[in-house]
Amino acid sequence: MAGSFKRVGDDRVRVRLAHDEVAVLRGLPDQLRTVLGEGEDEPVNQRLFPPAYLDVADIEQDAEYQRLMHDDLVKEKLANLDLVTDTLARGSTSVRRWTVELTDEEAAAWLGVLNDLRLALGVRLDITEDFDGDVDDADPRAPALRLLSYLGWLEEQLLDALQT
């Protein structure tokens, strides 16, 4: 599979995807929006918003941090989801590919959303750091595991494009 992201100019990134890839990606932001609205006790949200202070002695400082920052962090994630949704809607299609050019701000939003989607799916699948991306077709989670690998691949492609 060819790279999906390519730096074009100093401040733009071109995204080229197959139509089926775009179809998959279009449904994911709404799913993550729903999860973000489920509250702080939702395991995915615990992963997306980890404690700022890990020491038990700092529990009050962490509670204060969460009180002050949580809503702003959620708003930022929702704004990133909106940017990704908007860019998915404005892309142009040809017979074989869907294409859109992203500003650096939009590319950063894509990067954040891809990472959040990957983390959320990893929580749902109970993935540990030991997951190497290999998928056993007999595993009932195989489609979701392939999606997880695909999201990681997209994230890597976008990082590479942003670094050039």
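Okay, so the structure holds 12 salt bridges, where a salt bridge is a side-chain nitrogen of Lys or Arg within 4 Å of a carboxyl oxygen of Asp or Glu. Before I go on, a word on where this comes from. This is a predicted model, where local features need pLDDT of at least 70 and side-chain atom pairs count only at pLDDT 80 or more, while totals for chains, interfaces and linings use all residues. Residues are numbered from 1 along each chain as its sequence is written, and side-chain values use heavy atoms, with hydrogens and water left out.

Let's take a few of those bridges. Glu 42 pairs with Arg 124, with 2.7 Å between the closest N and O atoms. That one ties together distant parts of the chain: Glu 42 is in the loop between H1 and helix H2 (43–48), Arg 124 is in helix H4, and they are 82 residues apart. Helices here are DSSP runs (H or I, at least four residues), strands are too (E, at least two), and both are numbered from the N terminus.

Buried or exposed, what is Glu 42? Glu 42 counts as buried, at 11% relative accessibility, and Arg 124 counts as partly exposed, at 47%. For the cut-offs, buried means under 20% relative accessible area, exposed means over 50%, and partly exposed is in between (1.4 Å probe, protein chains only).

Now a local pair. Glu 64 and Arg 67 form a salt bridge at 2.7 Å, N to O. Both sit in helix H3, 3 residues apart, which is about one turn of the helix. Glu 64 is partly exposed at 35% relative accessible area, and Arg 67 is exposed at 56%.

Then there's Asp 137 with Arg 146, whose side chains meet at 2.0 Å, N to O. Here Asp 137 is exposed, at 60% relative accessibility, and Arg 146 is partly exposed, at 40%. And we also have a network of salt bridges, linking Arg 12, Arg 14 and Glu 101.

Stepping back to the whole chain: there are 5 helices and 4 strands, and along the sequence they run β-β-α-α-α-β-β-α-α. The C-alpha trace spans about 55 × 45 × 30 Å along its principal axes. There are 164 residues, and 37% of them count as buried.

On contacts (heavy atoms within 4.5 Å), take those with a separation of 6 or more: 64% of them are between residues 24 or more positions apart. The chain exposes about 9900 Å², with carbon and sulfur atoms supplying 50% of that; accessible areas come from the Shrake-Rupley method with a 1.4 Å probe, and for residues only the protein chains shown count as cover.

Last topic, the inside. How many cavities of 30 Å³ or more are there? The count is 1. A cavity is a set of points, on a 1 Å grid over the protein atoms alone, where a 1.4 Å probe fits but cannot get out, and lining residues have an atom within 4 Å of a point. The largest cavity has a volume of about 60 Å³, volume being the space filled by probe spheres set on the points, which are joined across faces, edges and corners.

Which residues line the largest cavity? They are Leu 25, Pro 29, Val 84, Leu 88, Trp 110, Val 113, Leu 114 and Leu 117. Helix H1 (19–36), helix H3 (59–90) and helix H4 (104–124) each give two or more residues to that lining, and H4 gives the most, with 4. By class, the lining has 8 nonpolar, no polar and no charged residues. Nonpolar here takes in Ala, Val, Leu, Ile, Met, Phe, Trp, Tyr, Cys and Pro; Asp, Glu, Lys and Arg are charged, and the others, Gly among them, are polar.

Definitions and conventions
On a 1 Å grid over the protein atoms alone, a cavity is a set of points where a 1.4 Å probe fits but cannot get out, and a pocket is an open set with protein on both sides within 12 Å along at least five of seven lines; lining residues have an atom within 4 Å of a point.
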